[in-house]
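Q: Could you take me slowly through one part of this protein, namely the place where its domains meet, and explain each term as it comes up?

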Amino acid sequence: MIPPRLKFSRKGLQVLDQRLLPDRIKYITARSAAATAAAIKDMALRGAPLIGCAAADGFALEMRRLKPASALELKKLAVRTADLLKAARPTAVALFYAADRMLARALAFAAANPGKFSPAARAEFISIIEREARLVTSEDEAACLAMGRHGARLLPKRCVIMTHCNAGALATMGIGTAVGVITAAHKLGKISHAYSCETRPYLQGARLTIWELMREGVPSELITDNMAAHIIKTCGVNAIVVGADRIAANGDTANKIGTYGLAVIAKHHKIPFYVAAPTPTIDTQALNGDVIVIEERSTKEVTHIKGACIAPRGVKVRHPAFDVTPANLITAIITERGVIAPVTRASVKKHLA
Ligand code: MRU
């Protein structure tokens, strides 16, 4: 079993500190929206759906902490809180989806209860907002299970599969997206082997995904990113599955840096390349992948490993944390509603209708 990633209570949000995994299982406590945003920004928690769930929890915490006394106060506080959370990381749309959803709930309450709030109205508001946050989490859990079912059906028997980054339980409140597909297929006896790419520079594959696969009893091996093409060519890999941080309206998909390269290799070797992501990952406002903001993270994450510098001092470094895989390299997108294939603007639109 993977330890709980978030534990929400009235006193605060306990966050499994993923920076310490797999060596240590330790929780930090966020007692405000600012502390939740800091935990997201500093990668104590990560993975698109989990970031969304944490944002909803952080929003609810802030409302309980500051208990707005009137509709006007609530409106100001809700907008400020949503903005604060949305500034934590730019690429995963789940963060924006959850913060805006909580904001809409809060604004609807303010519109329905103008003027000063009675003690009963204040209590009602807190209970509505906490219920909404719980709903964001339970919807994520259910979506993961459904993606696991749909995805497992797509995979062949004796599947040799590869994944990148961590789109597992640690990235969600459920069984994961891409890794959820692998573990669901494993339960059906369909996985003969899984490969996890280490995912330089932040090493989500080496620290998190392979740890999850081992804990779930999936026969698996860790490889460095530059081994992928060789392993695909020589070890019978017959499917690749990854998660997503944001999917544009035409199916172009932003995911962890290195995903695009894997999709190109998959095309060359004529093996299916699957993206597993819940429907809130589809950003209909983004016409195509070119408009997706790619997070640039600290160059220190490239030059240092566990505190040790591995590059010359003064070196110039780039660190785009995500890349965009064009829709035409994606065989299918697996969501909680089913499968989008082929991946085109029209099929994405139809899926969401
Ligand atoms: O920088 P991270 O660790 O938050 O990036 C995570 C990924 O890129 C995942 O593949 C993506 O968020 C999907 S998680 C189900």
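A: What follows looks at the interface between the domains, then at the ligand and at a few details of the backbone.

This is a predicted model, in which local features need pLDDT of at least 70 and side-chain atom pairs count only at pLDDT 80 or more, while totals for chains, interfaces and linings use all residues. Residues are numbered from 1 along each chain as its sequence is written, and side-chain values use heavy atoms, with hydrogens and water left out.

The protein chain is assigned domain 1, residues 6-144, and domain 2, residues 149-352, with bounds that come from an automatic or database domain assignment. Between the C-alpha centres of domain 1 and domain 2 the distance is 27 Å. To the contact, which means heavy atoms within 4.5 Å, domain 1 brings 29 residues and domain 2 brings 32 residues.

The size of an interface is often given as the accessible area lost when the parts come together. Here about 2,600 Å² is buried between domain 1 and domain 2, and carbon and sulfur atoms give 60% of this area; buried area is the accessible area (1.4 Å probe) that two parts lose on being put together, summed over both. On the side of domain 1, the residues that lose the most area to domain 2 are Arg-46, Thr-91 and Cys-144, which together make up 25% of what that side buries.

Side chains of opposite charge can pair when their charged atoms come close. Two salt bridges are found across the interface of domain 1 and domain 2, where a salt bridge is a side-chain nitrogen of Lys or Arg within 4 Å of a carboxyl oxygen of Asp or Glu. Arg-89 and Glu-295 also form a salt bridge through their side chains, at 2.8 Å from N to O. Across the same interface of domain 1 and domain 2 there are 13 residue pairs in polar contact, both residues being at pLDDT 80 or more; a polar contact is a pair of N or O atoms within 3.5 Å, and within protein one must be able to donate a hydrogen and the other to accept it, while residues adjacent in sequence count only if both atoms are side-chain atoms.

The side of domain 1 that touches domain 2 draws at least two residues from each of α2 (48-66), α4 (93-112) and α5 (119-154), and α5 gives the most, with five residues. Helices (H or I, at least four residues) and strands (E, at least two) are DSSP runs, numbered from the N terminus. By type, this side of domain 1 has 17 nonpolar, four polar and eight charged residues, where Ala, Val, Leu, Ile, Met, Phe, Trp, Tyr, Cys and Pro count as nonpolar, Asp, Glu, Lys and Arg as charged, and the others, Gly among them, as polar.

An N or O atom in the side chain of Arg-46 is 2.8 Å from an oxygen atom of the ligand, and for the side chain of Lys-256 the distance to a ligand oxygen atom is 2.8 Å.

Most residues other than glycine have a negative phi, and most peptide bonds are trans. The peptide bond from Arg-200 to Pro-201 is cis, with omega near 5°, and Pro-201 sits in the loop between β5 (191-197) and α7 (204-215).
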